[in-house]
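Here is a short briefing for a first look at this structure. Keep the sequence and the 3D view open while reading.

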Amino acid sequence: VKKKGSRYEKAARPVKQAAVLGAGIMGGGIAYQSASKGTPILMKDIKDDAIELGLKEARKLFAKQVERGKLSTEKMAQRLSNIRPTLSYGDFGHVDLVVEAVVENPKVKEAVLSEVEAELGEQTILASNTSTISIDRLAANLKRPENFCGMHFFNPVHRMPLVEVIRGEKTSDAAVAATVAYARAMGKTPIVVNDCPGFLVNRVLFPYFGGFSLLMGQGADFARVDKVMEKFGWPMGPAYLLDVVGMDTAVHAGEVMAKGFPERMGSLGGEGQSSAIQLMYENDRLGQKNAKGFYAYE
Ligand code: NAD
């Protein structure tokens with residue numbers, strides 16, 4: 001953990017205008033958090049309805065703060081106006097830092113990162129919110145890999161304090177510094193970690209999902225497993241957590257982890273395997289995002 005005043009932060013260029021690619025669970029959450037702490041953010045998606053959903057979520061979170069008396073309605077309107085939704089790269093030339101939060105698919109991410117890089121100024125930091133994909137892999141086709149790093153938020157963004165800042169082989173100190181400073185400006189606790197599939201937290205979390213998946217394969221009752229893990233002292237059990245994460249994201253991330261660490265993560269799926277999480281995904285039980293996962297939602 002790099003404390004204030006470390007070599008990273010001394011060199012930090014402030015982020016005055018941010019942007020996020022993707023208005024989904026994570027992109028919407030990142031936009032809300034940035035706007036809420038006063039940094040204007042462009043929120044770009046390829047679908048109008050995704051943008052609408054992202055904005056709806058942000059409005060809901062701001063409204064909750066108004067209800068609790070923590071925010072006036074004027075301030076709510078002001079903070080909400082910090083989020084500028086868009087379907088184009090029109091204003092990306094003036095952005096200080098972009099967080100990419102599109103689907104967890106290496107090929108899609110590579111294409112999107114190259115596409116956005118062409119729209120950015122020489123000094124703009126480009127960060128990926130990937131859960132598992134190696135930062136060096138994603139940097140391989142970029143023209144300015146020194147400006148690129150990982151900025152991995154956790155779900156739900158407004159509640160989870162940690163942000164992993166992932167340093168790739170070519171990432172510059174300046175890029176790490178700006179990203180760490182932006183995470184702090186968003187009220188988060190950044191940790192700087194090295195690059196590998198899953199970084200730090202998901203290397204711990206995914207074997208746990210794999211263990212849960214094995215239990216399911218042996219006929220365990222997911223709701224009972226959840227209850228037991230709650231009694232154990234965790235805030236939620238694995239089935240509920242998977243519903244929050246999204247089965248599609250868990251499957252895509254699980255594939256990357258299984259490839260990276262086959263000896264430890266084989267039970268997550270990958271070639272020739274069929275895990276419980278995979279079966280949920282194939283049956284369109286994505287979790288909270290489509291209101292049906294292990295549990296049903298309104
Ligand atoms: P999601 O499916 O909710 O949202 C992805 C969004 O990206 C969609 O709205 C989609 O329309 C949009 N998109 C696709 N292609 C695009 C493009 N070219 N330009 C702009 N937008 C595009 O997914 P999510 O759960 O928000 O995950 C996004 C990223 O965050 C993934 O890399 C995931 O691994 C990571 N992540 C997810 C979680 C989680 O718990 N869900 C936690 C941490 C990190």
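## Briefing

The UniProt record, an unreviewed entry, places the feature "domain: 3-hydroxyacyl-CoA dehydrogenase NAD binding" at residues 18-196. The model shown here is predicted. Over residues 18-196 the chain is 39% helix and 21% strand.

**Around the ligand**

- Where does the ligand lie relative to domain 1 and domain 2? It lies between them, because domain 1 (7-194) and domain 2 (203-290) both give residues to the shell around it.
- There are 28 residues around the ligand. Those that come nearest are Gly22, Gly24, Met26, Ala50 and Asn155.
- Two elements give two or more residues to this shell: helix H2 (25-36) and helix H11 (247-260).
- H2 gives the most, with three residues.
- By residue type, the shell divides into 14 nonpolar, nine polar and five charged residues.

**Helix packing**

- Two packed helices are described by the angle between their axes and the distance between the axes.
- Take H2 and H3 to begin with. Their axes come within 9 Å and cross at roughly 45 degrees. That angle makes H2 oblique to H3.
- The crossing of H2 past H3 is right-handed.
- Helix H3 spans residues 48-67, and helix H4 spans residues 73-80. These two pack at an angle of about 155 degrees, with their axes 10 Å apart.
- How do H3 and H4 run relative to each other, roughly parallel or roughly antiparallel? Angles over 145 degrees count as roughly antiparallel, and H3 and H4 are therefore roughly antiparallel to each other.
- H3 and H4 also make a right-handed crossing.

**Backbone details in loops**

- Most residues other than glycine have a negative phi, and most peptide bonds are trans. Two places in this model are worth a look on that account.
- Is the peptide bond from Asn155 to Pro156 cis or trans? The bond is cis, with omega near 0 degrees.
- Pro156 is found in the loop between strand E6 (148-153) and strand E7 (162-167). Its partner in the cis bond, Asn155, is also one of the residues that come nearest to the ligand.
- Phe199 is not a glycine, yet its phi is positive, at about 55 degrees.
- Phe199 sits in the loop between strand E8 (189-194) and helix H8 (201-217).

Definitions and conventions: Residues numbered from 1 in each chain as written. Predicted model: local features only at pLDDT ≥ 70, side-chain atom pairs only at ≥ 80, totals over all residues. UniProt positions renumbered as here; feature names shortened; annotations may be inferred. Helix = DSSP H or I, 4+ residues; strand = E, 2+ residues; numbered from the N terminus. Near = placed C-beta within 6 Å. Nonpolar A, V, L, I, M, F, W, Y, C, P; charged D, E, K, R; others polar. Domains from an automatic or database assignment. Axes fitted to C-alpha atoms, helices over the stretch in contact; angles between N-to-C directions. Parallel < 35°, antiparallel > 145°, perpendicular 65-115°, else oblique. Left-handed = near helix turned anticlockwise from the far one by under 90°.
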